[in-house]
Amino acid sequence: MMASLEFEDYYLDEFSYKKNINYVDSDQIDLNSDISCSIQVKRREETAFVNLKVTLGSLDNTNAAFKAVVDIVGKFNYQKEKNTEYDISFEKFLTENSLAILWSFIRPLFSNLITNGNQYPNYILPVINISKMLKDSGKIEINYD
């Protein structure tokens with residue numbers, strides 16, 4: 001089992017907002033989301049890079065007013081107890097904690113992005129168990145090197 005996980009920093013790989021010219025104005029805006037995660041574990045450095053990408057809306061759907069994307073990469077350092085394996089408990093510890101941290105950054109980034117578009121009401125992403133949702137949908141990829 002893990003001894004500790006330290007969030008070092010993050011950067012944005014993508015931060016975009018584009019109005020959907022095909023949108024048919026209505027009282028409802030379709031904000032279907034696509035969320036995925038990839039994790040690169042660097043064993044020698046005891047570092048993990050966690051990439052969480054969230055897309056809201058669409059440019060093809062006439063019920064979606066816009067497409068907004070936030071793609072964030074977080075760098076995490078960890079200390080693994082000696083003589084333990086990289087196993088399911090390690091992956092669970094890493095994904096649950098790192099994704100919860102990154103989700104707390106993504107929520108206000110989306111809120112600001114949509115508000116700064118200055119055309120549609122503000123939207124706040126809900127507080128969710130992002131790790132469980134991604135695990136249940138099979139959208140977490142973990143690689144080791």
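Is Lys 139 buried, partly exposed or exposed, and what is its relative accessible area? I looked this up first in the predicted model, and I noted Lys 139 as partly exposed, because its relative accessible area of 32% falls between the 20% and 50% cut-offs.

**Entry on salt bridges.** The side chain of Lys 139 meets that of Asp 34, with N and O 2.6 Å apart; since Lys 139 sits in the loop between α2 and β5 and Asp 34 in strand β2, the pair ties together parts that are 105 residues apart in sequence. Asp 34 is itself partly exposed, at 38%.

Strand β2 also holds Lys 42, whose side chain meets Asp 145 in a salt bridge of 3.3 Å, N to O. I placed Asp 145 in the segment after β5, and I recorded relative accessibilities of 25% for Lys 42 and 48% for Asp 145.

I then turned to a nonpolar patch of about 250 Å², made by Tyr 10, Leu 12 and Phe 15. Leu 12 belongs to strand β1 and is partly exposed, at 35% relative accessibility.

**Entry on the largest pocket.** I noted a volume of about 230 Å³ for the largest pocket, to whose lining α1 gives the most, with five residues. Its lining divides into three nonpolar, three polar and five charged residues, among them Ile 88, Asn 129 and Lys 135.

Conventions:
Residues numbered from 1 in each chain as written. Predicted model: local features only at pLDDT ≥ 70, side-chain atom pairs only at ≥ 80, totals over all residues. Heavy atoms only, no water. 1 Å grid on protein atoms, 1.4 Å probe; cavity = no way out; pocket = protein on both sides within 12 Å on 5 of 7 lines; lining within 4 Å. Points joined across faces, edges and corners; volume = space filled by probe spheres on them. Helix = DSSP H or I, 4+ residues; strand = E, 2+ residues; numbered from the N terminus. Nonpolar A, V, L, I, M, F, W, Y, C, P; charged D, E, K, R; others polar. Patch = residues over 30% accessible without salt bridge, like charges linked within 9 Å, V, L, I, M, F, W, Y side chains within 5 Å. Areas by Shrake-Rupley, 256 points an atom, 1.4 Å probe, with all protein chains shown as cover. Salt bridge = Lys/Arg side-chain N within 4 Å of Asp/Glu carboxyl O. Buried < 20%, exposed > 50% of the residue type's maximum accessible area, 1.4 Å probe, protein only.
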